[in-house]
Amino acid sequence: FRGRNSMEEHHHHHHHHQHEVEAEPPVAEDSGSKRAWLAQLQVSEAQYVEAMSLLPVLAGEAAKEKKLNQLKVQELFSNSVALYELHVKLSKVLEDRLASWSEAEGRVSGMFEDLDAARQVYIDYVKGYKMSLKALRELTKTEHFSALLRKHKLAVTEPPTPRGLIGFAVLAFRIAYSISSFVRSDRKSFEALVTLPLYRLKDYTCSIEQLLSQLPREDPDWAPLAIFNEHFSVHVTKVDQFLEEEENYRKMQQIAAMLSTSIAGFDLMANHRKLLKEGVLHMVYKHRLRNEKQRHLLAFTDCLMYGTVITEHHGFVLRGVMHYDTMQLTEDTNEKYEHAFKLASSGHSGHTVIASTEEEKQAWLACLRAATQKYSANKHEGHKTQLQQAEEHVAAAKAAKHNDKQKEKGTEADVKKE
């Protein structure tokens, strides 16, 4: 089963498959759909195990290399070997269940008991993921580790994929969209390899969601699968957060590398800044003869940056930065400019910004309004005095203690009833 990024394609194939099933001699519908689901899961699990089989090999060879920092090696591989062994076992369970499938029994939920019981392995892997990428960046500075990767025909990271309106260097660095894409890739990377378990975790929850949507609630598999999914969905939320942070970090690095000019006191990589939106619009400069200039706008979590892309030099000329704490945002009612809004800041009369369509204009207004409101709220929260923070902490502790007492009373009452 492929990940969320290929869901549309999967739905297409899935519906096509359903039509084929309906044309065949009738079988129990729930049992048939479960077996088809199970067969698809088994194929992707076998691919996953095949891809992951490199990890114990690499971990063993790196551990024997005395010139490598072994602490970093341990951080890099985390508990990936234990995770691999877990999936070797699960793959065998899936294979055996398919081989002995009974239409009368038609149960699939029991197979995930081992995976559910081994949740801690995944929890530890997710926790160690960011440290693993950090260790990778350190180890790849050494020739010995680079040679080890070359020996197994692995690159360090994925090549960046340009995305955006005019080929600007805001790049998508989603590391491995699916297991099948990794297996098919001619240029596999170590970074994609250690990220595969995170996508696999998403695959399971996504796949089970699909099966649950096809099963009636009274089906004996429904409740166990729903509970399993609830357990794992917590970790999937963290996975999404990690992947988003990593992608944003790479985008910010790429933008910083492209800047051919700078503004005093402005550090792009500061303040845990995140890119929210980018696009090409026009700005009106009243003091110039040709007063409408094309500008590339980049909206971040704390400011709006605008400039000019120099395509031939693959660079970005920074024209200005507007910080949200002083920026004013209004719709432009001047009939001369269609789909326009105004940006101004303290000490600056501002610019009229022109979008191509009303839809694009409203999208920018919505993004900037939401960003300025969130920035203002976070700033207010950050300026709380130590006394206010201490008072809130005490109040929260009292509330938690009260809730615990209420739970204890409820439990005692239940015991007495029994």
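Trainee: Hi! Which residues have the most contacts inside the largest nonpolar core?

Mentor: F77, F112 and F190, in a core of 61 residues. A nonpolar core is a set of buried Ala, Val, Leu, Ile, Met, Phe, Trp, Tyr and Cys residues joined through side-chain atoms within 4.5 Å; buried means under 20% relative accessible area, exposed over 50%, and partly exposed in between, with a 1.4 Å probe and protein chains only. This is a predicted model, where local features need pLDDT of at least 70, side-chain atom pairs count only at pLDDT 80 or more, and totals for chains, interfaces and linings use all residues. Residues are numbered from 1 along each chain as its sequence is written, and side-chain values use heavy atoms, leaving out hydrogens and water.

Trainee: Which helix gives the largest share of this core?

Mentor: Helix α10 (residues 190–214), with twelve residues. Helices are DSSP runs of H or I, at least four residues, numbered from the N terminus.

Trainee: And what does F112 touch?

Mentor: Beyond residues up to four places away in sequence, F112 touches W37, L41, Y204, I208, L225 and F228. Touching, or contact, means heavy atoms within 4.5 Å.

Trainee: New topic: where is E65?

Mentor: E65 sits in the loop between α3 (54–64) and α4 (70–77).

Trainee: Is E65 buried, exposed or partly exposed?

Mentor: Partly exposed, because its relative accessibility is 28%.

Trainee: Which residues is E65 in contact with, leaving aside neighbours within four places in sequence?

Mentor: Q70 and H144. The C-alpha atoms of E65 and L148 are separated by 9.5 Å, although these residues are 83 apart along the chain.

How values were computed. Helices (H or I, at least four residues) and strands (E, at least two) are DSSP runs, numbered from the N terminus.
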